[in-house]
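Notebook open, model loaded. I'm jotting down what I looked up, one stop at a time.

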Amino acid sequence: MTSHRRPKQPSRTRVSVLTTAAAAAVALSANAAHAAPGVKPGKNEVKAKVDHLYEQAEQATEKYNGANEKQHRLQKEISTIQDSVARGRQELNKLREGLGSMASAQYRSGGIDPSVQLLLSADPDDFLDKATTLDQLGSQQVQALKKIQDKQRELAQQRAEAAEKLQDLAAARTELGDKKKEVQGRLAEARKLLNTLTAREKAALDAEQQRADRSSAERVDIGHHAPATGRAAAAFAAAQSQLGKPYVRGATGPSSYDCSGLTSWAYAQADVFIPRTSEAQSGIGTRLTRSQLQVGDLVFFFNDLHHVGLYAGNGQILHAPRTGTVVRYESMDTIGGPFMFGVRV
C-alpha cells in the first residue's frame, strides 16, 4: 500500500541558515564586482602618487648633483696632486744629480770622502740623524742634502693625500651610481602608474599641466615687495628668459634645467657663481624670513632643502618644479613642501 505522507518540511533554523548564507553570497558577489582585479585607481589618485614620486625623484636628483660635483672636484684635486708629484720627482732627481756631481768632483780630486758616500746613500734621513757626521760636511753639501730630505717628505705627504682622495673618489662614484638608480627607479615607477590611465585620463592630466604652465607664463605682479636690484635683478631677468624650458634631471641650461641648475645658471649670467646644489646654495648668503624677501632672493623648501627657486614677489617664485613641468611661476604655498628660509646672495 502506497504511503501518502507529506514531505518533511525544513526546520526554521535550517531556513534561517540557508537564507543568511544566500544573502552573504549575494553580498560577496557584489563586493567582488566592485573589487575586481581589473579595478585601478582613478586619475586624481594616480596624479597624487605620481607627484609624490616626482618629488622623491627631485630629492634624489639633488643628492645626485651633489655626488657628481664631489666627484668632479676630487678628480681635479687628484690631478693637481699628481702633477705636483711628477714635478717633485723631477726636482728630486735634479737634486740627486747635483750631489752626484759633487761626488764626481771629489773623486777626480782624490777619492770620495766617506761623508759624501753617506750623502749618496738610499736613506738620507738616516744620515741626517747622525749629527756627528754633519760636522764633516761642507755647507753646500748639507744644504743639498736637506733639500733632498724635504722633497722626499713632501712627495710622501702628497702621495698619501692622493691615496686618501682616491678612496673618497671611489666612495663618491658609488654614491653617484646609487642616487642615479634611485632617481631612475622613482621615475620608472611614476611612468608605470601613468600607464594605468586611459588615453582620455592622460589627455586630461596633460591639459591640466598645460593650463598650469600657460597661466604661470604671465608676468607676476610683485605687489608691495621691493623690486630686484643689481646682480639679483640681472639673475632674475635671466631666469625669466627661460620660462617654458623643460625640467630635466641634472640639467644646468640653457635648453633645460633642474631646480638648482636654474638658479646657478641665472646667477652666473649676472657674473655671480654660486654652488651647484640647493643644499650648498642655502649657505652662501644672508638668511631671510618670508617677510624680508625681495625679488631675486633664493628661496628654499622642504626640511632637507632639496628644492630652490628665485623669489618673484607677491608670494610667488620662479623655478623649475619637477619632471614633467617647465620653468614657471608658482605660489610659495603650492610647492608641496614647507618654505624654510630665503638667502640673499
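I started at T325, which sits in the loop between β4 (316-319) and β5; strands here are DSSP E runs of at least two residues and helices are H or I runs of at least four, numbered from the N terminus. This is a predicted model, where local features need pLDDT of at least 70, side-chain atom pairs count only at pLDDT 80 or more, and totals for chains, interfaces and linings use all residues. Residues are numbered from 1 along each chain as its sequence is written, and side-chain values use heavy atoms, with hydrogens and water left out.

Is T325 buried or exposed? T325 has a relative accessible area of 2%, so I put it down as buried (under 20%; exposed is over 50%, partly exposed in between, with a 1.4 Å probe and protein chains only). Its side chain reaches the backbone oxygen of R322 at 2.5 Å. Not counting residues up to four places away in sequence, T325 touches Q209, P246 and Y247 (contact is heavy atoms within 4.5 Å).

Next I checked D258, in the loop between α8 (230-240) and α9 (259-269). D258 counts as buried because its relative accessibility is 0%. Its side chain makes a polar contact of 2.8 Å with the side chain of N65. For that term I used N or O atoms within 3.5 Å, one able to donate a hydrogen and the other to accept it within protein, with residues adjacent in sequence counting only if both atoms are side-chain atoms. A polar atom of the D258 side chain also lies 2.7 Å from the backbone nitrogen of G261. Beyond four places in sequence, the contacts of D258 include T61, E62, Y247, R276 and A320.

Then I looked up the nonpolar cores (buried Ala, Val, Leu, Ile, Met, Phe, Trp, Tyr and Cys residues joined through side-chain atoms within 4.5 Å). Which members of the largest one touch the most others? I noted F236, A266, Y267, L298, F300 and L310, out of 28 residues. At least two residues of this core come from each of α8, α9, β2 (298-301), β3 (307-313) and β6 (339-344). Apart from it lies another core of 12 residues, with V50, V183, L187 and L205 among them. As a general note, nonpolar side chains tend to be buried together in soluble globular proteins.
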